[in-house]
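Trainee: I would like to go through the labels used for this model and check each one against its definition. Can we take them in turn?

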Amino acid sequence: MVQEKTKGVKHALLERPWFVAVALAGLIGGAMIITSLTRAVDERISMCSTAKDRAKAIAEYSATPLQLQAIVHYATSRIVPQQSLPEITVTLDVLKDRSPCNFLVFGLGHDSLMWASLNPRGTTVFLEEDPDWIGTVLKAAPSLHAHHVTYRTKLSEADRLLATYRSKPRCLPSKAFPIRYNEECPLALTSLPDEIYETEWDLIMIDAPRGYFAAAPGRMSAIFSAATMARNRRGQGMTHVFLHDVDRKVEKTFAEEFLCRKFRVNSSGRLWHFEIPNAANMSGEPVDRFC
């Protein structure tokens with residue numbers, strides 16, 4: 001999700017781009033093979049081995065056009081995703097277990113085709129702050145599902161927002177939801193497309209918006225809103241939240257305030273992985289703070 005275009009240009013051409021590209025292609029292909037083999041065995045156990053059933057299994061578990069496009073793209077491109085192979089693998093391991101699922105990604109860029117292909121037959125939606133950048137990415141990968149998002153914050157406001165959010169009742173975990181109508185909390189993302197509010201997300205990746213200069217939106221609202229949506233999950237299971245660039249102060253500080261260190265279950269490089277339970281499974285938790 002290289003939505004930080006200037007940063008992306010600096011980091012896009014890695015020291016060994018062909019090796020990383022081939023490795024990514026192998027990840028995608030390997031995930032497809034493992035998933036196909038595992039589910040094929042389950043099919044043979046649970047269904048009669050008729051010609052009709054075998055044909056159905058082949059049609060269901062064959063590679064999707066998007067996966068094939070991703071393999072070709074990353075095998076032939078010198079522009080590779082910003083995240084490292086170990087960082088990508090953290091999310092891939094969860095996708096192999098949860099796919100097909102609802103996957104919300106803050107950011108659109110060179111790795112978006114990869115993320116969508118790793119969630120075959122699931123719903124993967126990207127949120128991007130720069131409409132021109134959306135046009136650039138979708139020109140190369142028109143099958144991606146992306147929305148333009150407007151943020152109300154600036155990175156320069158991060159310290160003040162963190163220090164004052166508890167004084168605003170609608171920013172507290174018990175009253176912050178639904179974020180769609182929460183204009184009173186400056187950290188709430190209130191202008192997202194209806195689809196985002198109406199879908200229950202199984203995985204949320206935060207690798208945007210830009211957060212490396214004072215006038216940039218920063219990721220404060222994305223982190224807060226992801227934590228709020230996760231806590232108000234209605235379905236069973238945890239919400240998996242992945243946050244990139246935790247080497248930066250704002251990402252790290254807001255993650256520890258809203259996503260909670262106790263919910264962090266994995267990490268690699270500059271990526272943290274959280275499993276956040278819904279409010280029904282948080283009995284005894286304080287009501288005036290998230291962590």
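Mentor: Start with Asp-93, which is called partly exposed because its relative accessible area is 42%, and the class runs between buried (under 20% relative accessible area) and exposed (over 50%), with a 1.4 Å probe and protein chains only. The model is predicted, so local features need pLDDT of at least 70, side-chain atom pairs count only at pLDDT 80 or more, and totals for chains, interfaces and linings use all residues. Residues are numbered from 1 along each chain as its sequence is written, and side-chain values use heavy atoms, with hydrogens and water left out.

Trainee: What makes Lys-96 and Asp-93 a salt bridge?

Mentor: A salt bridge needs a side-chain nitrogen of Lys or Arg within 4 Å of a carboxyl oxygen of Asp or Glu. For Lys-96 and Asp-93 the N to O distance is 3.7 Å, so the pair meets the rule. By this rule the count comes to 17 salt bridges.

Trainee: Where do Lys-96 and Asp-93 lie?

Mentor: Both are in helix α5 (residues 85-98), three residues apart, about one turn of the helix. Helices here are DSSP runs (H or I, at least four residues), strands are E runs of at least two, and both are numbered from the N terminus. Residues three or four places apart point the same way because an α-helix has 3.6 residues a turn.

Trainee: How do you know that the span of α5 is close to the expected one?

Mentor: The expected span is 1.5 Å times one less than the number of residues. With 14 residues, α5 reaches 20 Å from its first C-alpha to its last, close to the 20 Å expected. The buried residues of α5 include Ile-88, Leu-92 and Leu-95.

Trainee: Why is Arg-234 called exposed?

Mentor: Its relative accessible area is 68%, so Arg-234 passes the cut-off for exposed. Arg-234 also forms a salt bridge with Glu-200, the closest N and O atoms being 3.9 Å apart. Glu-200 lies in the loop between α9 (194-198) and β4 (203-206) and Arg-234 in the loop between α10 (220-231) and β5 (239-244), so the pair ties together parts that are 34 residues apart in sequence.

Trainee: What makes a set of residues a nonpolar core?

Mentor: The members are buried Ala, Val, Leu, Ile, Met, Phe, Trp, Tyr and Cys residues joined through side-chain atoms within 4.5 Å. The largest such core has 47 residues, and Leu-104, Phe-106 and Phe-258 are among those that touch the most other members. Its largest share, eight residues, comes from α10.
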